[in-house]
Amino acid sequence: MKAVQYRSVGAAPEVVEVPDPEPGPGQVLVKVTAAGLCHSDLALMHMTAERLPFPLPLSLGHEGVGTVAALGEGAAGVVVGDSVAVYGAWGCGVCAACAAGRENYCPHARGLGIRSPGLGAPGALAQYLLVDDVRHLVPFVGLDPVAAVSLTDAGLTPYHAVRWALPALVPGSTAVVIGVGGLGHVAIQLLRALTPARVVALDVGEDKLALAREVGAHEALVSDASVPEAIRTLTGGFGAEAVFDFVGVEATGRIAVASAAAEARVLNVGLGGGAMQMGFMLVPPGMSAYAPYWGTRGDLVEVIALAQAGALSVRTEIYTLDEAPLAYERLAAGKVTGRAVVLPNG
Ligand code: NAD
Ligand code: ZN
């Protein structure tokens, strides 16, 4: 079958022919209908050999939906032909975090060598994807797989983040979304659907600011050093009750903290490599900071339900598998609007 692989440190991803995977005991083989491209893929392709936490080559893609193609021995709970979304944060499955569906915070996965598809295990940018256990599959009905594949990360990650910030987002509050890309444009919709907060979006591209307004941001501002002052003006001098940084560089970390109100919830979601300052007198009194990772299995079920109810839509650009390297180039150049989605069998 064909797959998009990151083959050696620093090289561009390539479309290659790899052996057809066969499901072992307990595994499920999924024929991939659609796979999404995430900026985290670029982050891992920028890591030095010392920092890269898994061996190469690696088939990329940690957002995937498809149909069940075959079941390994003993696998049960789905049947061939079922439409499924893949929950990608694989944990050990038995610890307290995993029992609560919080496999994204499993403390054992790394030590046990358990890796997520596209982030160490073969990923969804391939015609077929091996899923280690039926519990990683979520029924996916009533949604267009192409339009909704990115709910598995670009929907799930902001959903998990917004849930944490909900107690701060009361009527009259303000939420700031920094970076209106794949995750950020869904975050804006989640904030509008789940909270009464006023949403202020920041980006460096005019097209991204236009997208922010289209998907529901009340204000869309160019992301620069003048933002904290503008946010204070908008909020009667107090600042924002929640700030979501979907970029994660030094500059956005500074904007996030300087825009926050007392007792604000500030989230660093982006993998930009920057650090957010934390310390007494350095941040507003009572501020909490959170670096969330992906989301829980329950979060995925809920964000899919929200999309089924019509409250969310992911803006997509569609590519063939052969075009995936080009799509990554466009993503790196900031040219993708919403999410780039690849059709490995289409
Ligand atoms: P994306 O490339 O689709 O979007 C990034 C957006 O940020 C773009 O619109 C870009 O114009 C904008 N941007 C760049 N610099 C900016 C700045 N200084 N100020 C404001 N906006 C700026 O990326 P994505 O796939 O949505 O991912 C967003 C970030 O979240 C990435 O760093 C990714 O690695 C990370 N991520 C984290 C998790 C997690 O679990 N923590 C999960 C998925 C993605
Ligand atoms: Zn991702």
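**Close-up 1. Ala 154 sits in the loop between α4 (145–148) and α5 (156–165).** Helices here are DSSP runs of H or I with at least four residues, strands are E runs of at least two, and both are numbered from the N terminus. This is a predicted model, where local features need pLDDT of at least 70, side-chain atom pairs count only at pLDDT 80 or more, and totals for chains, interfaces and linings use all residues. Residues are numbered from 1 along each chain as its sequence is written, chains are lettered from A and ligands numbered from 1 in the order in which they are written, and side-chain values use heavy atoms, with hydrogens and water left out. Is Ala 154 buried or exposed? Ala 154 is buried, at a relative accessible area of 0% (buried is under 20%, exposed is over 50%, partly exposed is in between, with a 1.4 Å probe and protein chains only). Setting aside residues up to four places away in sequence, Ala 154 touches Glu 63, Gly 182, Leu 183, Val 186 and Arg 339; contact means heavy atoms within 4.5 Å.

**Close-up 2. Which residues come nearest to ligand 1?** Of the 27 residues around ligand 1, the nearest are His 39, Asp 203, Ser 223, Trp 294 and Arg 339; to be near, a residue needs a heavy atom within 4 Å of the molecule or strand. By class, the shell has 14 nonpolar, 9 polar and 4 charged residues (Ala, Val, Leu, Ile, Met, Phe, Trp, Tyr, Cys and Pro count as nonpolar, Asp, Glu, Lys and Arg as charged, and the others, Gly among them, as polar). At least two shell residues come from each of α1 (39–45), α6 (182–194) and β12 (198–203).

**Close-up 3. His 39 puts a polar side-chain atom 2.5 Å from an oxygen atom of ligand 1.** Trp 294 belongs to the loop between β16 and α10 (297–308) and is buried, at 4% relative accessible area. Trp 294 isn't a glycine, yet its phi is positive, about 50°.

**Close-up 4. Glu 317 is part of strand β17 (residues 316–320).** Glu 317 counts as buried, with a relative accessible area of 16%. Its side chain makes a polar contact with that of Arg 330 at 3.3 Å; such a contact is a pair of N or O atoms within 3.5 Å, and within protein one must be able to donate a hydrogen and the other to accept it, with residues adjacent in sequence counting only if both atoms are side-chain atoms. Beyond its neighbours within four places in sequence, Glu 317 is in contact with residues including Lys 335, Thr 337 and Arg 339.

**Close-up 5. Met 281 has a positive phi of about 75° without being a glycine.** Most residues other than glycine have a negative phi. Met 281 is in the loop between β15 (260–268) and β16 (288–290), and at 74% relative accessibility it counts as exposed.
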